[in-house]
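Thanks, everyone. I will take one structure today and go from a single side chain out to the sheet and the cores.

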Amino acid sequence: MSANEQKTSRELAIIAAQAADEKKATDILVQDVAELVGETDFFVIVTASNSRQVNSIVDAIKEDLRDKGGVKPFHAEGTQDGSWSLLDYGQIVVHVFQPETREYYRLEELWNDAPVLDLAKEAGLCDVEYSDRISKLLPKK
């Protein structure tokens, strides 16, 4: 990527979603929170089956956003048990949860007024696995 090619926050969110999909994340959801949250445009929320997969997804997202988007996180944190990790890029924030932790926090429901991107149309993600709870939040076809 050349220095002149600044990616939009929407493009960065899609890069993160695609990276998570490549590492077999499930329940991949991108919410447009720009109208609801002052500093952030998009939340990318995904589920990983175990702590090893959480780490793998986080590493893939960081690598792809650095290589394809030209950005590095301002802040990264997570739980010691690997049940949740966060990457804060300012305009996008990525959350990677294990299933029980995602179910407990239900972060996507805190912002249920936020539009959800159609990842099949915008990112080419057609075979993502969705739980019943998350599939209800997806754009209607």
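Glutamine 53 is buried, because its relative accessible area is 14% and the cut-off for buried is under 20%. Keep in mind that this is a predicted model. Glutamine 53 sits in helix H2, which covers residues 51-69. What does the side chain of glutamine 53 reach? The backbone oxygen of lysine 23, at 2.9 Å. If we set aside neighbours within four places in sequence, the contacts of glutamine 53 are Lys23, Lys24, Ala25 and Ala48.

H1 itself runs over residues 9-22, which is 14 residues. From first C-alpha to last it reaches 20 Å, close to the 20 Å expected at 1.5 Å a residue. The buried residues of H1 include Leu12, Ile14 and Ile15, and also several alanines, among them Ala13 and Ala16. The buried residues of H1 pack against strands E1, E2 and E5, and against helices H2 and H5.

Next, the sheet. It is open, has five strands in the order E1-E2-E5-E4-E3, and its pairing is mixed. Which strands are at the edges? E1 and E3, residues 75-78, each of which pairs on one side only. On average, neighbouring strands of this sheet are turned by 10 degrees against each other, direction ignored.

In general, strands of a sheet pair through backbone hydrogen bonds, parallel or antiparallel. E1 and E2 are antiparallel, with five bridges. Leucine 29 has isoleucine 45 in E2 as its bridge partner. H1 lies across E1, E2 and E5, at about 5 degrees to E2. H2 also packs on the sheet, where it touches E2, E4 and E5, and its direction makes about 160 degrees with that of E5.

Last, the cores. The largest nonpolar core has 32 residues, and Ile61, Leu65, Ile92 and Val96 have the most contacts inside it. Two or more residues each come from H1, E1, E2, H2, E5 and H5. H1 gives the most, with eight residues. Apart from this core lies another, of 10 residues, including Val37, Phe43, Ile45 and Leu107.

How values were computed:
Residues numbered from 1 in each chain as written. Predicted model: local features only at pLDDT ≥ 70, side-chain atom pairs only at ≥ 80, totals over all residues. Heavy atoms only, no water. Helix = DSSP H or I, 4+ residues; strand = E, 2+ residues; numbered from the N terminus. Buried < 20%, exposed > 50% of the residue type's maximum accessible area, 1.4 Å probe, protein only. Polar contact = N/O pair within 3.5 Å; in protein donor to acceptor, adjacent residues only side chain to side chain. Contact = heavy atoms within 4.5 Å. Expected span 1.5 Å × (residues − 1). Core = buried A, V, L, I, M, F, W, Y, C linked by side-chain atoms within 4.5 Å. Pairing = 2+ DSSP bridges. Axes fitted to C-alpha atoms, helices over the stretch in contact; angles between N-to-C directions.
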